[in-house]
Amino acid sequence: AVDVSRINAEHGVFTYDPAFTATCSTQSDITYIDGAEGILLYRGYPVDQLAENSSFLEVAYLVLYGELPTTPQLDEFVGAITQHTMLNESLSKFFDGFHYDAHPMAMMTGIVGSLSAFYHDTTDIRDDGHREIFARRMIAKMPTIAAAAYKHSVGQPKMYPRNDLDYTSNFLHMLFAVPAETYEVDPIAAKALDVLFILHADHEQNASTSTVRMAGSTGTNPYAAIASGIAALWGPAHGGANEAVLNMLGEIGDISQVPRYLEKAKDKDDPFRLMGFGHRVYKNFDPRATIIRGYCHEVLQHLGIENHPLFELAMELERIALEDDYFKERKLYPNVDFYSGIIYQALGIPINMFTSMFAIARTVGWAAHWCEMQNDPAMRIARPRQIYTGSPKRSYTPIDQR
Ligand code: ACO
């Protein structure tokens with residue numbers, strides 16, 4: 001057994017907090033969460049008010065700059081984002097190096113990391129202008145990169161961004177349009193996606209944002225720091241949950257199997273968990289889930305697919321789990337990714353693109369946190385400690401004596 005009191009006596013006080021459930025790594029002005037009450041505020045504004053009244057780029061401005069923009073400020077910001085959506089042609093060629101079935105998140109990690117090779121001359125962390133151009137470039141290029149990753153995976157030509165479309169509609173165009181055919185963006189689809197982007201824009205010190213901050217604390221190139229955030233987001237316990245929800249629904253297969261899978265989820269000897277249920281911080285209903293639940297039902301109705309067996313299955317799972325004592329006692333409610341996965345599926349977005357959608361939105365939070373930390377006088381290289389549980393000191397044994 002490790003004698004923590006001896007370590008503390010010798011080296012100062014350490015807390016042992018695996019998974020950081022009780023450790024604040026920073027102060028931040030960006031996002032406030034009250035998990036018990038189910039409250040989420042960006043810069044003080046309730047996320048439900050923003051989802052109802054705002055657009056994703058207006059929220060991006062708020063998250064980055066701390067205040068809602070005036071009309072000229074928003075026009076300038078939207079214009080700048082629109083201007084930066086193109087990828088350098090030689091960057092586009094990077095996609096050709098990936099096998100056709102590479103996961104889009106793998107491609108995004110690589111391509112965003114490679115932006116650090118393109119933009120190494122504007123990354124002076126002390127320069128406000130450099131920080132701003134980084135944030136704007138990242139937000140602008142992320143949908144283009146995500147859509148290009150998808151086009152590569154299906155072997156279709158990449159679509160150039162269209163400057164006459166808003167941010168979300170342009171993304172849908174780059175994802176679904178093909179050169180020889182007319183593609184009209186469905187405004188209800190674009191609105192639902194815009195709201196989803198708003199709801200995913202930031203979430204304080206979640207695993208991927210903490211990763212961006214951890215990498216950023218070393219003074220690394222900010223595009224490389226964002227690439228590390230994309231890698232952290234990919235896992236099924238974090239951003240990969242929306243993809244895992246659809247895979248789980250596929251595995252359950254039929255409404256008749258819902259009770260059996262609920263029992264599996266409760267069985268501690270069974271690794272199966274209900275994907276899209278539960279949250280580290282929200283031990284009440286996830287406020288984002290409340291908002292997106294309404295859009296989810298609206299989109300299914302609009303597309304006339306609410307009776308599709310897959311969506312009936314999802315709604316039955318939601319209904320039964322909400323009534324089940326195991327889930328009620330542990331406060332395991334559907335989280336935002338339960339509904340986002342269903343909406344993405346309804347919009348025809350391929351399952352392996354779901355986490356990339358999350359990455360597009362969360363880029364705003366990653367960039368805002370990276371910028372904020374550069375101004376923080378308390379910023380030093382992040383360096384957690386550990387409690388050593390290995391062998392005591394021993395002497396080297398020559399190989400012929402082992
Ligand atoms: N299905 C079944 N049981 C669950 C689930 C679930 N989805 N989530 C938690 N539990 C149970 C645990 O087994 C544990 O039970 P016990 O007290 O009897 O041992 C209890 O609920 C508490 O769970 P923890 O694992 O301690 O909760 P933690 O905060 O560590 O995990 C997490 C949160 C990772 C989100 C978890 O609920 C989970 O794996 N959910 C499914 C994956 C998912 O949807 N992730 C998305 C998160 S949201 C986001 O990234 C935007």
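The ligand is surrounded by 18 residues. A241, R273, L274, G278 and R280 are the closest of these. Sorted by class, the shell around the ligand comprises 8 nonpolar residues, 6 polar residues and 4 charged residues.

The model is predicted. The average pLDDT of the protein is 92. A score of at least 70 is reached by 99% of the residues. For the complex, the predictor reports an ipTM of 0.90. The pTM is 0.90.

Helix α8 spans residues 167–176. Of its 10 residues, 10 are buried, so the helix is largely enclosed by the rest of the structure. A residue counts as buried if 20 or more other C-beta atoms lie within 10 Å of its own.

The strands form an open sheet. This sheet has 3 strands, in the order β1-β2-β3, and the pairing is antiparallel. Its edge strands are β1 (31–34) and β3 (45–46), each of which pairs on one side only. Strand β2 covers residues 39–42 and pairs with β1 in the antiparallel sense. This pairing runs over 4 bridges. Y32 stands opposite L41 of β2.

Notes. Residues are numbered from 1 along each chain as its sequence is written. This is a predicted model: local features need pLDDT of at least 70, side-chain atom pairs count only at pLDDT 80 or more; totals for chains, interfaces and linings use all residues. A residue is near a molecule or strand if its C-beta atom, placed from the backbone, lies within 6 Å of it. Ala, Val, Leu, Ile, Met, Phe, Trp, Tyr, Cys and Pro count as nonpolar, Asp, Glu, Lys and Arg as charged, and the others, Gly among them, as polar. pLDDT is the predictor's confidence in each residue, from 0 to 100. A residue is buried if 20 or more other C-beta atoms lie within 10 Å of its own, exposed if 12 or fewer, and partly exposed in between; C-beta atoms are placed from the backbone. Helices (H or I, at least four residues) and strands (E, at least two) are DSSP runs, numbered from the N terminus. Two strands pair if DSSP finds at least two bridges between them.
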